[in-house]
Amino acid sequence: MDSITVHCNGVCKQLAGLNSHKSTGPDGISTAILKLAANELAPVLTRLYHCSLDSGEVPQDWRDALVVPVFKKGEKHLPANYRPVSLTSIVCKVLEHIVSSSIMDFFDQHSLLTRCQHGFCAKRSCETQLLWTIQTIANKLQGRGQVDVILLDFSKAFDKVPYQRLLHKLHFYGVRGSTLHWVESFLSNKKQRVQLEGVKSKEADVVLGVPQGSVLGPLLFLAYNNDLPEFVTHSETRLFADDSLLFRFITSQHDADLLQKDLSALEKWESDWQMDFHPQKCTVLCISNNKRHRIDTFYMLHQHILATEDSSKYLGVTVSDDLTWKKHINATATKGNHTLEFLRRNLHECTSQVKASAYTTQVKPSLEYASSVRDPITAADANTLEQVQRKAAWYVTNRYTDRTPGCVTQMIVDLGRQSL
């Protein structure tokens, strides 16, 4: 990879495009100031960035972080159910973006990233991953078929990446010279404090992991687990950042044994590169259109028998063992109704425009998410989703007393809504 060149116009564009509401890092330099004075600061920062890249040194202020715990799911009193998001220097994040873009361009130019990876990649998303995966499984189910799917869950994946092994992989892929030295300096001697409700903890050293919340972190993680699919020889795998999927078409017990063999091979990858799967959170989904002739198999990871479920959530979509969407549609409608009730309680005195915006931003996206993946659906499932929008029409127009035939349909037309 060639050395990275920083252009003043590019820095100015990055500064002007900053979100003024982003949290300030430990250095106290606010995003609003950087954005307001973009033209004046761009030449100075360009020289500073060139100095940093040419010397392969990152100032200590840029390596410090304030860690804010963000709740994921489960019991709120358990620290393990929180994601540690790092607030770092905004000035450094601008340079991170330049470094990340340069490395990604190099990876794309030489097709270094595996095709199985759809996370943090240009022109790829959760939806493209779901489309590719579901279509592949559906094709294998033609006639009487069965596909065993193992959903793998890493334990604190981003927080366990060992630096020297990561640098070894970057060197292998061609990231060398001053750029590699800069990444090494960026990861070394990092310090962090936990910030919660205005109180900061004591400072602690960070000896593992790529910081969640940084710009460069996701790309470094992609490079680190990029070779995981190479350990899978008999089955297929899909990656979306730290979400991994392993599946195989099953016609006999021999096929199931081959899938178990690939699962054991991933155990070796995990051991070699000091990552950890969480067996209690890994699940098996046996997708079949003929349950009478289903081949039931127990798959093991770390001597732990993985739980077999009739439906599992993957990238926000509930996938059932018969590949129908009723469970997902019902869960989506329930979530939409709960959000709509929340809006009714808290925005009941607001104008119709505010209510319409609240519905558009808080309810509608969840109803439409991954719609291309679940299409076509049954008329009953479609009606389940439409009922949420019909309730929203009453809520936005505040015409609860109007019960004339076709009134709700007319409300939806008046609001300019299309059928979900």
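How much space lies in the largest pocket? In this predicted model, in which local features need pLDDT of at least 70, side-chain atom pairs count only at pLDDT 80 or more, and totals for chains, interfaces and linings use all residues, the largest pocket holds about 1,300 Å³ of space. Residues are numbered from 1 along each chain as its sequence is written, and side-chain values use heavy atoms, with hydrogens and water left out.

The largest pocket is lined by 40 residues, of which K72, R83, D153, D242 and D243 are the closest to its centre. A pocket is an open set of points on a 1 Å grid over the protein atoms alone, with protein on both sides within 12 Å along at least five of seven lines, whereas a cavity is a set of points where a 1.4 Å probe fits but cannot get out; lining residues have an atom within 4 Å of a point. Points are joined across faces, edges and corners, and a volume is the space filled by probe spheres set on them.

By class, the pocket lining comprises 18 nonpolar, 11 polar and 11 charged residues, where Ala, Val, Leu, Ile, Met, Phe, Trp, Tyr, Cys and Pro count as nonpolar, Asp, Glu, Lys and Arg as charged, and the others, Gly among them, as polar. β2 contributes the most to this lining, with four residues.

Three cavities of 30 Å³ or more are present, and the largest cavity contains about 80 Å³ of space. Its lining has nine nonpolar, two polar and no charged residues, including I134, L151 and Y314. α6 gives the most to the lining of the largest cavity, with three residues, helices (H or I, at least four residues) and strands (E, at least two) being DSSP runs numbered from the N terminus.
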